[in-house]
Structures are given as C-alpha cells and as structure tokens.
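Here are my notes from a first pass through the model, in numbered points. Have it open while you read, and jump around as you like.

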Amino acid sequence: MTTKNSAEGVLIKGANLLGTDVSDVLVLDGVIAAIGPDAARDAGSDCETVDAYGLVALPGLVDLHTHLREPGREDAETVASGSAAAAVGGFTAVHAMANTDPVADTAGVVEQVWHLGRRAGLCDVHPVGAVTLGLGGSELAELGAMAESAARVRVFSDDGRCVSDAVLMRRALEYVKALDGVVAQHAQEPRLTENAQMNEGSVSAVLGLRGWPAVAEESIIARDVLLAGHVGSRLHVCHVSTAGSVEILRWAKGRGVDVTAEVTPHHLFLTDEHVRTYDPRFKVNPPLRTQEDVDAVRLGLADGTIDAIATDHAPHSLEDKDCEWAAAAMGMVGLETAVGVAAAAMVDTGLLDWAGMADRMSVRPARIGRLAGQGRPLAVGEPANLVLVDPETRYSVDPQSMESRSRNTPYAGVELTARPVATYLRGRLTASEGSAQR
Amino acid sequence: MTRHLLSAADLSLDDATLILDTADELARVSDRPVKKLPTLRGRTVVNLFFEDSTRTRISFEAAAKRLSADVINFSAKGSSVSKGESLKDTALTLEAMGADAVVIRHPASGAPHTLAHSGWIGGSIVNAGDGTHEHPTQALLDAFTMRRHLSTIAGRKVVIVGDVLHSRVARSNVLLLATLGADVTLVAPPTLLPVGVDQWPCTHSYDLDASLVGADVVMMLRVQRERMNAAFFPSVREYSRRYGLDADRMSRLPEHAIVMHPGPMNRGLEITAAVADSDRAVIIEQVTNGVSVRMAVLYLLLGGSDSALGGDL
C-alpha cells in the first residue's frame, strides 16, 4: 500500500471499520465526509484512492504517557522525533510527560513543548504539567497557569516520581477539580523502593538485584483511591503493573470512585524472567512483573478495570543502556511497537477485539485527557484522525528502522503480526509503512 | 566445561566434580619446593577489580602465577556504577591488550554476565563476586574444603547462617551444594532472607539452635556494618545472641562437624574468637584451598582437558 497527501481528499476503500464493518471512507478537508456507498460517489476525480482491503480502520490512537525528552535530553528524543515515532505507531495525540529538564512545571515550559509539537505537525502533542515544583514533591506547581496556557494542560503528573506526601496528593486532587484536570499518579512508595532494580520475587532473589515489591505500587494506589473518593476528585493511575493493583482498582470502581488507569504494552507482554539476561533493555520502572501479574493486567484491561493502554515511551541514549544493569537508566521506547505488542497480548488471545482496542487506545485515553477532537467515532462529520492497521502481516521488530532517536526497545527481533500502515491526522497522512510523512 | 564461570548454576555435577578433582591434583603443587607449573605459560589473566578485595585478588593472582600465566592487576576502584560506561571501556582496553581470561569483581550484580555477553571482550570471564549475586569460586573452595574433611558432600547437612539477603557467597553455595547433593539449611532473621527464598533448592529457618542439630558443616556469613542501622535487626548484641556462633553452640555440634567462614570475620559478632580459633574452624584452610580451586578453574577454562599435571608427576 502506498499513499501520499492529496489536496483533493482521500478515498479509503474497503477498510474494516473497527474490525466489524467493511466500508469506504471519504476524507475531505480534515473531516470524515462520507462513509459507505456515498464515499465513492462523493469523491472527486482528483481524489486519491487508497486500497485498504484487509486493513482495520481505527480512530487515531491517543497516548496518555509519552516521554519526549525535550527540553533537556534532545540526544535521546525531541518533540519532532517523538512525534514521528508516534505517527508511525498510529498515534494522532500524545501526552508529553513533565520530567524534562527544565521540568514542565510552568506555563512557559508547557507552551514551549506545545509549540514544538505544533511545528512538528505529526501528531497533537499535549504537555503534561508537573504536580509539584521541579518534581520535588513538596510544593504545588502553578497548575492553574498551565491549564490556562496555550497548552491547555489537563493532565498533571510527577511521573518518574510519586507524589508520596499524602497531604500534598490530597491537595493536588482537590485543586485540579477547578481545572477539569486529573492527577496521574506514578504509584511508587519511595522508601520501599530505594535503589530498587527489578520486581521483588523469586527472580530477584536469584539474581541478587534489589527488589521493587508489588506492595510499593499497591499501597499508594489504595491510599490514592481512598483520597480521591474522600475529596470527590478524579484520579488516574499510571502504568499499573501488578495483580494486586487491578484488584484495588476494581474495588474502588465498584465503590464509585472516579479513578481511571493505564497499562503499558510491556506490562501486558513481558515478565521479570527476561531480567535473567541482565540485559538493560528490560530495565523499566515499574519493573517487569510475573506471569501472574501479566495475566491479571490483561484481564483488567479486557473487563475495563484498566481503561487505557499507554506506552510510557521512554527513550534513552545508547550510553545509558550499554552498560551493566545497575548503571542503566530505566525505560523502553514503545510508540512504534505499541499496536503490535498490545495486539499480541489482547487480540491474538481473544481478550479484546479491534473495537475494544480502539476503545482502550483511543476513545478512553482521549476522554481521560479531555481531548475534544480525538478518540471520536468513525462517523461522518468527525475529525479524520485515523489509523489503518494491517492485522495479519508478519514482521520482525527492527530497531534500526525506528523514527525514535533512541533504540532501547526490548522487542528487537521479536515477531509481531499487527502493524499500523497509515496514520491520518485531521486528514493529513502523517505516517505510511513505518515512515513519518514530514 | 563452559567458557565462562559466571554462576555456580553454570556447573553440572560433572563439571563441579572435575574442578574439585583437578584442584586436588593441583593442591599437590603447593607441597613442592617450587610451586609452579608451566601450564598457562604465555597466557594472560587479568584481575579486574572494581571493588576492594585484597584476599580474593591475591588468591587469584597466586593461582594464575603458579600456572605460569602473565598476570595483570587492574584496580578500577572508584569507577562507580554511576559511571557505567567505564565497564565497557575497560573491557575494550583489556581486549585490545589480549586478555585470555578476565577475573572480575564488581559491585553491580550481573556485571560479569554483561561482560561475557556484551561482545566487548573475547576471553573467558570468571566471576570473582558481583554485587549481591554470586561468588562461584568461593562456593567451589568451600565445597573442596568440605570434601577434604567429610570425604563426601552428598547427603551432608550444611547450615549457612547470617545475611543471606545480601550474600553472594550464600547464593553460590546453595546452588553448588544442591548440585553436589548436600542438604542445605539457611538460617537468618526473616529480614535477611530474600523474598522468594522458598523456591531455592534448600530449606530455611529462623532458629539457629534447632538447625544446628546434626549439622556436618556450619558456615557463618559476615554481617556488614551498613546493615546495622537499617532495621534488619535491633542491635548487634541481639543479633549475636540469636544468630552468633559461640563455644556453647559449637559444643552441641556433632564431633566431626566443621565451622567455616568466607572471611573477613567480625569476631564477637557472628562468630566468637573462641570458635574462630578452635580446631573445628577450617577458616584458614579455606584460604589455602582457594588458591588450588582457582588454579583448577583457570586451567579448565583456558582449555586444559588432560590431567592438569600431565605426565609431570
């Protein structure tokens, strides 16, 4: 399939909409102009035609959790290179985490990131604002100023660090109510995880690596859902990784707490058994857990206890990964492999169909981030944010062909079957066959 | 034999037995007036130490020199893990110099594994202690010492006491002794046993006195100073009372039982001077045996397949 950008619109022929309904889609002026038999009829003679038979059409994907590293670590990623990686991965919107240098804790920094995203033009970049000044965990950042800035921040997070102080967390949860915002918590009890290197369990016991116990995540989630319930606030939990966390979330949702949660593709797919290689590409925070945890987060995502798949795309320079385990940085790139890995975990196993994937990778994350033009139905009049996914190609992940500036993927050489082949942002082709269309 | 010695788990029963038998042969060299064999002449062994350990380094140095290898001591202390690139650069440097074997001591668990699998270096890697992971040659010298005193290891009851959580010696001993068929019991306060220890090929207990009944070997582990202020146990005195080996406890051991310690000891903490200096203690012998065992490891890793002494005896 080859595609290009055309001023006269695009007629996407024979795409399987949400995997349920084969139809033509006409995109004109950035919106979905027609669906079904009307599409071909309304297409002008200069309209480009795309053969999408056998491809699944989904609303453009929305990532709640992306590290774009700019400003500060442009050697690992920039807003532009990260946007390109996002487009290749099928994303039309990403949330850029606040742990940059300087930290995104002022209107100035979030506007800078927002402008860089606009300039790159490959996906909508929505900066996340820091909850506390400098991610220091002691004073609230100016959340209102970031919300009112051009970047219109709605998601606030100290991600990378936990807002561990209970009083500060309570205040942040309360304060963002006035902004229609949400606090996205990186749930990690700091004292229980000092110098932690991997999941604490039978594998860490053998490898002699300092353990990161599940309870350090679960105890914070338990506290936070109780706090959110108490003050009537909206809470989002980042990168849920343990079976116990899923149980706590299920309980909280059952009680009516306004909590949402995300899981990463890698926590749906990989276990701490991989750490036996001491290969730092498997070093990530929260750490890879056990098969039991993987099974539980998959089921939690399938039944809606976990709302969204979020990549936690964390680019790191080669220097930060080409070393012994303890010295290596935590994190893995994930934008370009998210669909393939998530489909292997959820679709190939029968836990979600493609409509379910659209819900977890687009509809719900857009709602959590309060993004008006994203995660919309595939319907006439809606913004043409679309991704075409080939659900049955077989390919091996090649880090060298990635758009990201970093290569720290744990999937090099792994065979996947689902792959985004074309991404449209408001009708404009932003990626085709693994290459960003700048 | 494998090309590297990274973990005691790398050794099959045959491998381990071959190393111990070879060490037995090589030990005889130490009784000669000229303690030297030509076996590794022209080969280069690098002792790459990122952590202070004079004892282990000189033991490897003596072992390599008795086999006539050229020995280079590379002390990279101060190259902390925060400067991780230094491991790679150091490895590339050693590769450029043509090291046949690299004996590495490193504060990061898995560093020898990384070195062996990184492609940075082509020689054999010997783990001389990595973080809180393993110290396989210590386990081999311990097994060698046990075998000399008890003749067999299979079926023997070995009690390992102390800070198992942070002990590379304990991890390697559990793995090797399981391969050799011993019955291992770990004894420690619950705070100093790792989560997941129940899946190790051994049993564990919190009660030293009960565990000493019928023991053939008691191995005391060193308690590091930094554990003392981190709530692993209330006080040094309480630790000593509950988990220290004193003359009274030693007197309840079977007649033939031996007392071991990987050193350096905290006399008066995990072991009293009376025990350490008693004839039950084989601690100094462990040091002597360390040289023979490390000779055997270097010899076998660097390609020796015939009898280590050839027709020389």
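1. Before anything else, keep in mind that this is a predicted model. Let's begin with the layout of chain B. It splits into domain 1 (8-133 + 287-312) and domain 2 (136-283), and the C-alpha centres of domain 1 of chain B and domain 2 of chain B are 25 Å apart.

2. How do those two domains of chain B meet? On one side, 21 residues of domain 1 of chain B make contact with 18 residues of domain 2 of chain B. Looking at the domain 1 side, the elements of chain B that supply two or more residues are α1 (13-27), β4 (124-130) and α11 (283-301). By class, that domain 1 side comprises 12 nonpolar, 6 polar and 3 charged residues.

3. The crossing of α1(B) past α5(B) is right-handed.

4. Which residues make that packing? From α1(B) come I19(B), L20(B) and A23(B), and they meet L140(B), A143(B), F144(B) and R147(B) of α5(B). The tally for this α1(B)-α5(B) contact is 6 nonpolar, no polar and 1 charged.

5. Now the chain-chain interface. Chain B puts 23 residues in contact with 18 residues of chain A. On the chain B side, the elements giving two or more residues are α3 (85-97), α4 (111-117) and α6 (168-179) of chain B. Sorted by class, this side of chain B has 7 nonpolar, 11 polar and 5 charged residues.

6. Over in chain A, there is another helix pair to check. The axes of α5 (residues 166-175) of chain A and α7 (residues 214-231) of chain A come within 10 Å and cross at roughly 45 degrees, so α5(A) is oblique to α7(A). The crossing of α5(A) and α7(A) is right-handed. On the α5(A) side the contact uses A166(A), M169(A), R170(A), L173(A) and E174(A), while α7(A) brings R223(A), D224(A), L227(A), A228(A) and V231(A). Those residues divide into 6 nonpolar, no polar and 4 charged.

7. Chain A also has an open sheet of 5 strands, paired in parallel in the order β9-β10-β13-β14-β15. Why is one side of β9(A) and of β15(A) left without a neighbour in the sheet? Because β9 (155-156) and β15 (308-309) of chain A stand at the edges, each with a single partner strand. For β9(A), the parallel pairing with strand β10 (residues 182-185) of chain A runs over 2 bridges, and F156(A) has V183(A) as its bridge partner in β10(A).

8. Most peptide bonds are trans, and most residues other than glycine have a negative phi. In chain A, the bond joining N285(A) and P286(A) is cis, with omega about -5 degrees; P286(A) lies in the loop between α9 (265-269) and α10 (291-302) of chain A. Chain B has a cis bond from G263(B) to P264(B), omega near -10 degrees, with P264(B) in the loop between β9 (258-260) and α10 (273-276) of chain B.

9. Also check D29(A), a residue other than glycine whose phi is positive, near 50 degrees. D29(A) is placed in the loop between β2 (21-28) and β3 (31-35) of chain A.

Methods: Residues numbered from 1 in each chain as written. Chains lettered and ligands numbered in written order. Predicted model: local features only at pLDDT ≥ 70, side-chain atom pairs only at ≥ 80, totals over all residues. Domains from an automatic or database assignment. Contact = placed C-beta atoms within 7 Å. Helix = DSSP H or I, 4+ residues; strand = E, 2+ residues; numbered from the N terminus. Nonpolar A, V, L, I, M, F, W, Y, C, P; charged D, E, K, R; others polar. Axes fitted to C-alpha atoms, helices over the stretch in contact; angles between N-to-C directions. Parallel < 35°, antiparallel > 145°, perpendicular 65-115°, else oblique. Left-handed = near helix turned anticlockwise from the far one by under 90°. Pairing = 2+ DSSP bridges.
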